Amino acid sequence: MDANNVQNRMQEIQKDQSFSNALGKILSGKSNYKPVIEMRKIEVRCKHCGITLDETMKFCHQCGTKVEK
Ligand SMILES: [Zn+2]
């Protein structure tokens, strides 16, 4: 067996591992990403001006009316 061949093979394996690590991060990031999107879809409307507000907002950014849920 050629010594250079073995070294090349080792480098290939290391590349594969870093690639699958990166892929795992991307995939786990995506699986976490979806619930965040769904939570952000909860919307509240201002009673006064009817603008769509984020649920976490306490006051309307348009007219300043307190947001009631
Ligand atoms: Zn408003």
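Let's start with confidence: this is a predicted model, and the protein chain has a mean pLDDT of 79, with 81% of its residues reaching 70 or more. Confidence is lowest in helix 1 (residues 3-40) and highest in strand 2. Here are the two ends of that range:

| Element of the protein chain | Mean pLDDT |
|---|---|
| helix 1 (residues 3-40), lowest | 73 |
| strand 2, highest | 89 |

A word of caution for reading any model like this: where pLDDT is low, the predicted coordinates should not be read in detail.

Now for the layout. The protein chain holds 1 helix and 2 strands, and from the N terminus on they run α-β-β. How much of the chain is buried? As for contacts between residues at least 6 apart in sequence, 3% join residues at least 24 apart.

Let's zoom in on one residue, M57. You'll find M57 in the segment after strand 2 (52-54). Is M57 buried or exposed? M57 has 11 C-beta neighbours inside 10 Å, so it counts as exposed, since the cut-off for exposed is 12 or fewer. M57 also sits 9.8 Å from E43, C-alpha to C-alpha, with the two being 14 residues apart in sequence.

Definitions and conventions: Residues are numbered from 1 along each chain as its sequence is written. This is a predicted model: local features need pLDDT of at least 70, side-chain atom pairs count only at pLDDT 80 or more; totals for chains, interfaces and linings use all residues. Helices (H or I, at least four residues) and strands (E, at least two) are DSSP runs, numbered from the N terminus. Two residues are in contact if their C-beta atoms, placed from the backbone, lie within 7 Å. A residue is buried if 20 or more other C-beta atoms lie within 10 Å of its own, exposed if 12 or fewer, and partly exposed in between; C-beta atoms are placed from the backbone. pLDDT is the predictor's confidence in each residue, from 0 to 100.
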